[in-house]
Amino acid sequence: MALNLNKDLKLFYSIKEVAEMFDLNESTLRYWESEFPYLKPKTSGPNRVRQYAKKDIEQIRLIHNLVKVRGFKLAAARKMINANRDGSDRKAEVLTRLIGIREELQQLKHHLDRLQ
């Protein structure tokens, strides 16, 4: 069995790391936790340090897509997510993939332009 170098070994992320992933303030993430009841990162220690798992990050990705990218109000985003959990999750995943593909294509175009 070969070693999978692409596997992400980190199980939990701090609030600071997650905020940087989405270019958000930490206070925004804490506020979203109060607005979206299913977004509950694990907390540990006497200081109740938040630890975000992959599933929490996917929830944040979905909320970020609806609120920051598509411009939904929090109440509308919450309503859409509650009405269509699977469909909303899938749309956010597809959007993330498409953004990644677009960035790769732009890099390829840049390299091809430099060859000419």
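**Salt bridges in context**

Modeller: In this predicted model, buried residues account for 27% of the 116 residues in the chain. The chain contains 5 helices and 2 strands, arranged from the N terminus as α-α-β-β-α-α-α. Mean pLDDT for the chain is 84, with 88% of residues at 70 or more.

The whole structure holds 6 salt bridges. One of them joins the side chains of Glu33 and Arg50, at 2.9 Å from N to O. This pair links distant parts of the chain, since Glu33 lies in helix α2 and Arg50 in strand β2 (residues 49-51), 17 residues apart. Glu33 counts as buried because its relative accessibility, 10%, is under 20%. Arg50, at 25% relative accessibility, counts as partly exposed.

Another salt bridge is formed by the side chains of Lys55 and Asp56, with an N to O distance of 3.4 Å. Here Lys55 is exposed, at 56% relative accessibility, whereas Asp56 is buried, with a relative accessible area of 3%.

Glu58 and Arg61 also form a salt bridge, their closest N and O atoms being 3.5 Å apart. Both residues belong to helix α3 (residues 54-69), and because they are 3 residues apart, about one helical turn separates them. Glu58 is partly exposed, at 42% relative accessibility, and Arg61 is partly exposed with a relative accessible area of 25%.

Terms used
Residues numbered from 1 in each chain as written. Predicted model: local features only at pLDDT ≥ 70, side-chain atom pairs only at ≥ 80, totals over all residues. Heavy atoms only, no water. pLDDT = per-residue confidence, 0-100. Helix = DSSP H or I, 4+ residues; strand = E, 2+ residues; numbered from the N terminus. Buried < 20%, exposed > 50% of the residue type's maximum accessible area, 1.4 Å probe, protein only. Salt bridge = Lys/Arg side-chain N within 4 Å of Asp/Glu carboxyl O.
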